[in-house]
Amino acid sequence: MSLAEQLDTVTGAAAGTVDRHATTETFESTAPASGAVVGVFPVHDEAAVGETVTRARAAAERWAALGFDGRKQRLSAYRGYLARRMHELADLVHRENGKPHADAILEITLAVDHLAWAAGHARKTLGPRRVSPGLLAANHAAYLEYQPLGVVGVIGPWNYPVFTPMGSIAYALAAGNAVVFKPSEHTPAVGAWLAAAWRAAVPDSADAFQVVTGYGATGAALCRVPVDKLAFTGSAATGKKVMAACAETLTPVLMELGGKDAMIVDDDADVAAAADAAVWGAMSNGGQTCIGIERVYATEAVYDRFVDAVTTQVRSLRPGADGEATYGPMTMSSQIEVVRRHVADAEAAGARVVTGGTDADAFPAEGYVAPTVLLDVPETSAAVQEETFGPTLTITRVRDAEEALQRANATSYGLAGAVFSASKDKAMDLARRMHSGMTSINSVLTFASVPALPFGGVGDSGFGRIHGEDGLKEFTRAKAITRQRVPLPVNLMSFGRPANAADALARVMGMVHGRHR
Ligand code: NDP
């Protein structure tokens, strides 16, 4: 029987890929396309979360003791297991999140690649090394290593239910921590599948990666139990609540929050390529992508051609639940009202609607939102300032790339963005000055597929980094050790030092540093 078939029905006597603990309350996960029940899951309370974390603590010690090679071997087994069952997991993602099967394959592919990188680079990034002791401690050896924290709590969203949490889970595990993962209430089946796959692939460390399910309160319990670090991915509003809860137990947090990412299209850009990337960046996954493109600033020289190219492409998109659909339904029905409010607000402020809009065709009853392109949207409107998280794109004409950059940087968010330009130097300069954690040049979202690159935001998009060496270090504490190799004739850090030692030290400092002006 496949893991998907064994899905947690806590109504079934022996069932479960999620440990029920003493929990009696349950909730259903439903398919956004049909409303069909995908699975029934426990609403874990604080006691159940506490038991899970206690079990994880014991597992964390054994997991850490395996060392880099032991963990790498087991993480490889896990990635192999996922890679062999990609279609099964993609089917589940399609059912529970609504995205097309092919998009689910794409996100699982990224997650598998990150697992490989994290496991393969943990020793080099975190392992013990000697560092220069410097002049003042020349008689000592100095050592640095990055030790695991213990148990890392991961709270994830529903929009990329495999790739996004795996950005924390893979790196936290590779760094030697145990993980307790609380998936979104909209995608608990995918979370449960990931943990069940772990138990099947890595049976001797089964408790190193566990899942708890429920609503916001279950996630908040991770802060109170507490864990040793909480990696949160979700909206800025919820992130503030999580930080406040974690403050009570001084639990450190990693915040991966929302975005309002912009694309700059410069005079010399390949307009067709920019339009293609903008449409994918804005509309794929129904626009429910934290690093999705929501705004484009195109210079006067390319604006008309760019709008034409985007319009042509967008007209060929068709949301739906079938295999041919370009994107699926909105995963969370409440998000439909946010999208409608942003579009209506833009229309009221005088925006021109190229495709989509607010009429019944644009918002059919089944939970789909038509691709919507808006021109001339005032910079103060919600559609430009707030995260829309739907298949919408605003396109704004600007004088030049400098004005584009200034407008791109004028929101409180700073997650990612894109620059299209034929000039490498100019594009690099614009990318560096973009107020964001990540920028792609002549493509969109590419940084997420480069495991060596850190992923995270600035401003209201959060802080801390997953992926890359920074992502491994994020789940560790730096440990510094010195070892005296030979004693010095004069020990300055002793009450027995000679009275003239401080004067001699000051003279040496004057010779070494005093010449600098
Ligand atoms: P939410 O902020 O609504 O929820 C995120 C997670 O937090 C869910 O698991 C949710 O559980 C949980 N949660 C809710 N309330 C609390 C609470 N009080 N304490 C602890 N946990 C809580 O975000 P969405 O799920 O709607 O995800 C979309 C958001 O995520 C967007 O803003 C998007 O930009 C952002 N995002 C950011 C990414 C990044 O890497 N920067 C990547 C992907 C998405 P439940 O669902 O059960 O309520």
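The sections below describe the nonpolar cores and the pockets of this predicted model.

## Nonpolar cores

The largest nonpolar core comprises 101 residues, and Tyr 78, Phe 209 and Phe 306 have the most contacts inside it. Helix α4, spanning residues 101-126, supplies the largest share of this core, with 11 residues.

When neighbours within four places in sequence are set aside, the contacts of Tyr 78 are Leu 115, Met 166, Leu 194, Ala 197, Trp 198, Ala 201, Val 202 and Phe 209.

## The largest pocket

Two or more lining residues come from each of α7 (216-224), β8 (229-233), α8 (236-247) and α11 (334-348). Of these, α8 gives the most, with 6 residues.

By residue class, the lining of the largest pocket contains 16 nonpolar, 14 polar and 6 charged residues.

## The second largest pocket

The volume of the second largest pocket is about 540 Å³. It is lined by 16 residues, of which Leu 136, Leu 488, Val 490, Leu 492 and Leu 505 are the closest to its centre. Helix α16 (residues 501-513) gives the most to this lining, with 5 residues.

The lining of the second largest pocket has 12 nonpolar and 4 polar residues, and no charged residues.

Terms used. Residues are numbered from 1 along each chain as its sequence is written. This is a predicted model: local features need pLDDT of at least 70, side-chain atom pairs count only at pLDDT 80 or more; totals for chains, interfaces and linings use all residues. Side-chain values use heavy atoms; hydrogens and water are left out. A nonpolar core is a set of buried Ala, Val, Leu, Ile, Met, Phe, Trp, Tyr and Cys residues joined through side-chain atoms within 4.5 Å. Buried means under 20% relative accessible area, exposed over 50%, partly exposed in between (1.4 Å probe, protein chains only). Helices (H or I, at least four residues) and strands (E, at least two) are DSSP runs, numbered from the N terminus. Contact means heavy atoms within 4.5 Å. Ala, Val, Leu, Ile, Met, Phe, Trp, Tyr, Cys and Pro count as nonpolar, Asp, Glu, Lys and Arg as charged, and the others, Gly among them, as polar. On a 1 Å grid over the protein atoms alone, a cavity is a set of points where a 1.4 Å probe fits but cannot get out, and a pocket is an open set with protein on both sides within 12 Å along at least five of seven lines; lining residues have an atom within 4 Å of a point. Grid points are joined across faces, edges and corners, and a volume is the space filled by probe spheres set on the points.
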